Amino acid sequence: MLLYLNGAFVGLLILSNILAVKLFSIGEWAVLPAAVIVYVFTFPITDTIAEVYGKEAARQTVTAGFVTQLCALAFIFLAIHLPAASFFTNQESFETIFSAGFRVTVASLVSYFISQNLDVTIFHKLKEKHGHSKLWLRNNASTMVSQLVDTSIFITIAFYGTLPTSVLLGMIVTQYAFKWLVAAADTPLVYLLVKLCRRDLAGHQIYGHQKPEALQ
């Protein structure tokens, strides 16, 4: 299960970067990047890994995601600058979709690395305090704090100096409110994933398979 979780985490992470160029509105009070509907689900995955496989396994997943993002950026840059075929007429659209501004790219990487590691740290501290009980508390507390940090860092780095402070604060509040609601709603998903992982781990132990390295 750990391999599947790692694959899902990296896949959702890269997909969120691709979807970030699309903005959608919720009524008239919020405009959000489409990436938020995907990126918020990376936190339950790291929480599940931290709960079942340990803090170091979760940190390795976060690091793998960071490295994968760097590789994806390099390959996207290469693809953009490859000479287009004479009959390919969508080069400009291709560049618009797959190239983000330098500040946005830096903001994404910095906010990701800090917030995901913070999520793992808070989750682990609460688990040390409560043991296997109160999974709902450490899942929600770690995700909600780290999402606030993620949103604040990203918007500040990406848009500070280009938009009024009031607009920046409004963007932080609306995006965090959306992420907060999703974080509160994903608690059953975390319980389900943890249950499946523990069942899979128990099966490996029963049939004499080697434990994952993170559990040895």
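Let me begin with a definition: patches here are made of residues with over 30% relative accessible area and no salt bridge, where like charges are joined within 9 Å and nonpolar side chains (Val, Leu, Ile, Met, Phe, Trp, Tyr) within 5 Å. What I am showing is a predicted model, in which local features need pLDDT of at least 70 and side-chain atom pairs count only at pLDDT 80 or more, while totals for chains, interfaces and linings use all residues. Residues are numbered from 1 along each chain as its sequence is written, and side-chain values use heavy atoms, with hydrogens and water left out.

With that in place, the overall picture. The secondary structure comes to 9 helices and 2 strands, where helices (H or I, at least four residues) and strands (E, at least two) are DSSP runs numbered from the N terminus. Read along the sequence, the pattern is α-β-β-α-α-α-α-α-α-α-α, and the C-alpha atoms fill a box of roughly 60 × 45 × 25 Å, taken along the principal axes. Buried residues make up 38% of the 216 residues in the chain; buried means under 20% relative accessible area, exposed means over 50%, and partly exposed lies in between, with a 1.4 Å probe and protein chains only. If we take contacts (heavy atoms within 4.5 Å) between residues at least 6 apart in sequence, then 72% of them join residues at least 24 apart.

Now the interior. A nonpolar core is a set of buried Ala, Val, Leu, Ile, Met, Phe, Trp, Tyr and Cys residues joined through side-chain atoms within 4.5 Å. The largest such core has 23 residues, of which L5, I49, V52, Y53 and Y112 touch the most other members. Two or more residues of this core come from each of α1, α3, α4 (55–81), α6 and α9, and α3 gives the most, with 6 residues. Apart from it lies another core, of 5 residues, among them L32, V36, V40 and V182. As background, in soluble globular proteins nonpolar side chains tend to be buried together.

Let me turn to the charged pairs. How many salt bridges does a search of the whole structure find? The search finds 4, a salt bridge being a side-chain nitrogen of Lys or Arg within 4 Å of a carboxyl oxygen of Asp or Glu. E51 counts as buried because its relative accessibility is 2%, whereas R198, with a relative accessible area of 34%, is partly exposed. Taken together, E51, K127, R138 and R198 are linked in a network of salt bridges.

A further salt bridge joins K179 and D150, at 3.1 Å from N to O; K179 lies in helix α8 (residues 165–185) and D150 in helix α7 (residues 135–159), 29 residues apart. K179 is buried, and so is D150. Among the other buried residues of α8 are L168, M171, I172, Y176, F178 and V182.

Leaving aside neighbours within four places in sequence, V145 is in contact with L118 and I122, and its C-alpha atom is separated by 9.3 Å from that of W180, 35 residues apart along the chain.

Finally, the surface. Which residues form the nonpolar patch on the surface? They are L15, I18, V21, I97 and F98, with about 380 Å² of accessible area together, where accessible areas come from the Shrake-Rupley method with a 1.4 Å probe and, for residues, only the protein chains shown count as cover. Helices α1 (2–19) and α5 (91–98) each supply at least two residues of the patch. I97 lies in α5 and is partly exposed, because its relative accessible area is 42%. For the chain as a whole, the accessible surface comes to about 12000 Å², of which 70% belongs to carbon and sulfur atoms.
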